[in-house]
Amino acid sequence: MTRESFAVPFAPVVAPVRVKLSDSIVRQIERLILEGRLKPGDALPPEREFSRQLDVSRPSLREAILKMEARGLVQALRGGGYAISDVTAPTLTDPLVHLLQDHPPAAFDILELRHGLEEIAAYFAAIRATKADRALLKRHTAALGARKKKERDPLEDAEADAAFHLAVADASHNVALIHVMRGIFNLLRSSIYRFRDRLYTQQGNHEILQGQHKAITDAIIAGDPSAARQAAHLHLNFVGASLRELDQDQAHAQPRHQREEKIQRSRTTKKQ
């Protein structure tokens, strides 16, 4: 084989550049964020204690923190110190949220989207949830069922409901999925409020919803991904079927209402 037969343009090999200590610190923090072990709002240890834990000099630690602050990974606290930033902050703009809210058919588009996201979230949460994740899900589930019937408020219940589903996503430890769920959080919360506001017109729906949330939590805690995904699927199917039933009832009631108005107008005209 002749030298001319090698058509690949090989490049000279360059010796690897020595990684700076501050960059190694940054990579460790990035990994912990991606793994979900460091969450938005978590405060970093004080500088002296932090440098001791990492076994690095304080100047190297300061350099790493400045790099992370520039990248938006951490933010300075008012009283001193640093905390993890919310790198998965909501991105779906309020105007789009309002646009979807004001278009009734979009309610079912939102449900279809939730089917895809929340079934996957529940599936992976059952596989990856930590002890802390499971404890948090238990607290959210208990909070959803703690309110007495006379104290129920669709808006407050929607806040707790959305927080539950976000906790399931967090427990999946899939940073892309978490980002998307947090990105649609405002949409999720507002749509849940509208769903609950309508579903509460039918007796027993609150208890059914609570049982469905508990089924999702139980499956995740049991480490059964198929059961968790199925529980999420049944929950969203129930919401969709109930909303369609309410729409049909409203459609049937509308002609009667219109006939009654027509009769009333007719009687008023005759009297005149």
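Student: Which two helices have axes that come within 12 Å, and at roughly what angle do they cross?
Tutor: In this predicted model, the axes of helix 7 (residues 154-172) and helix 10 come within 12 Å and cross at roughly 20°.

Student: So is that roughly parallel or roughly antiparallel?
Tutor: Angles under 35 degrees count as roughly parallel, and helix 7 and helix 10 are therefore roughly parallel to each other. As for the hand of the crossing, helix 7 passes helix 10 in a left-handed manner.

Student: Which residues meet there?
Tutor: From helix 7 the contact takes in Asp157, Asp161, Phe164, His165 and Val168, and these meet His206, His213, Ile216, Thr217 and Ile220 in helix 10. By type, the residues of this contact divide into 4 nonpolar, 4 polar and 2 charged.

Student: And which residues of helix 10 are buried?
Tutor: The buried residues in helix 10 are Asn205, His206, Leu209, Gln210, Gln212, His213, Ile216, Thr217, Ala219 and Ile220. As background to that spacing, an α-helix has 3.6 residues a turn, so residues three or four places apart point the same way.

Student: How far apart are the end C-alpha atoms of helix 10, and what should the span be?
Tutor: Helix 10 covers residues 205-222, and because its 18 residues should span 26 Å at 1.5 Å a residue, the 26 Å between its end C-alpha atoms agrees with expectation.

Student: What follows helix 10?
Tutor: Helix 10 is followed by Gly223, and the phi of Gly223 is positive, near 70°.

Student: Switching to Leu21, where does that sit?
Tutor: Leu21 lies in helix 1, which covers residues 21-34, and because its relative accessibility is 42%, Leu21 counts as partly exposed.

Student: What does Leu21 touch, leaving aside its neighbours within four places in sequence?
Tutor: With those neighbours set aside, Leu21 is in contact with Val56 and Ser60. Turning to Leu61, the C-alpha atoms of Leu21 and Leu61 are 8.5 Å apart in space, while the two residues are 40 apart in sequence.

Student: Zooming out, how many helices and strands are in the protein chain?
Tutor: The protein chain has 11 helices and 2 strands, and from the N terminus on its elements run α-α-α-β-β-α-α-α-α-α-α-α-α.

Student: How much of the protein chain is buried, and what share of contacts comes from residues 24 or more positions apart?
Tutor: Of the 272 residues in the protein chain, 36% are buried. Among contacts with a separation of 6 or more, residues 24 or more positions apart account for 74%.

Definitions and conventions:
Residues are numbered from 1 along each chain as its sequence is written. This is a predicted model: local features need pLDDT of at least 70, side-chain atom pairs count only at pLDDT 80 or more; totals for chains, interfaces and linings use all residues. Side-chain values use heavy atoms; hydrogens and water are left out. Helices (H or I, at least four residues) and strands (E, at least two) are DSSP runs, numbered from the N terminus. The expected span of a helix is 1.5 Å times one less than its number of residues. Buried means under 20% relative accessible area, exposed over 50%, partly exposed in between (1.4 Å probe, protein chains only). Axes are lines fitted to C-alpha atoms, for helices over the stretch in contact, and angles run from 0 to 180 degrees between N-to-C directions. Angles under 35 degrees count as roughly parallel, over 145 as roughly antiparallel, 65 to 115 as roughly perpendicular and the rest as oblique. A crossing is left-handed if the near helix is turned anticlockwise from the far one by less than a right angle, and right-handed if clockwise. Contact means heavy atoms within 4.5 Å. Ala, Val, Leu, Ile, Met, Phe, Trp, Tyr, Cys and Pro count as nonpolar, Asp, Glu, Lys and Arg as charged, and the others, Gly among them, as polar.
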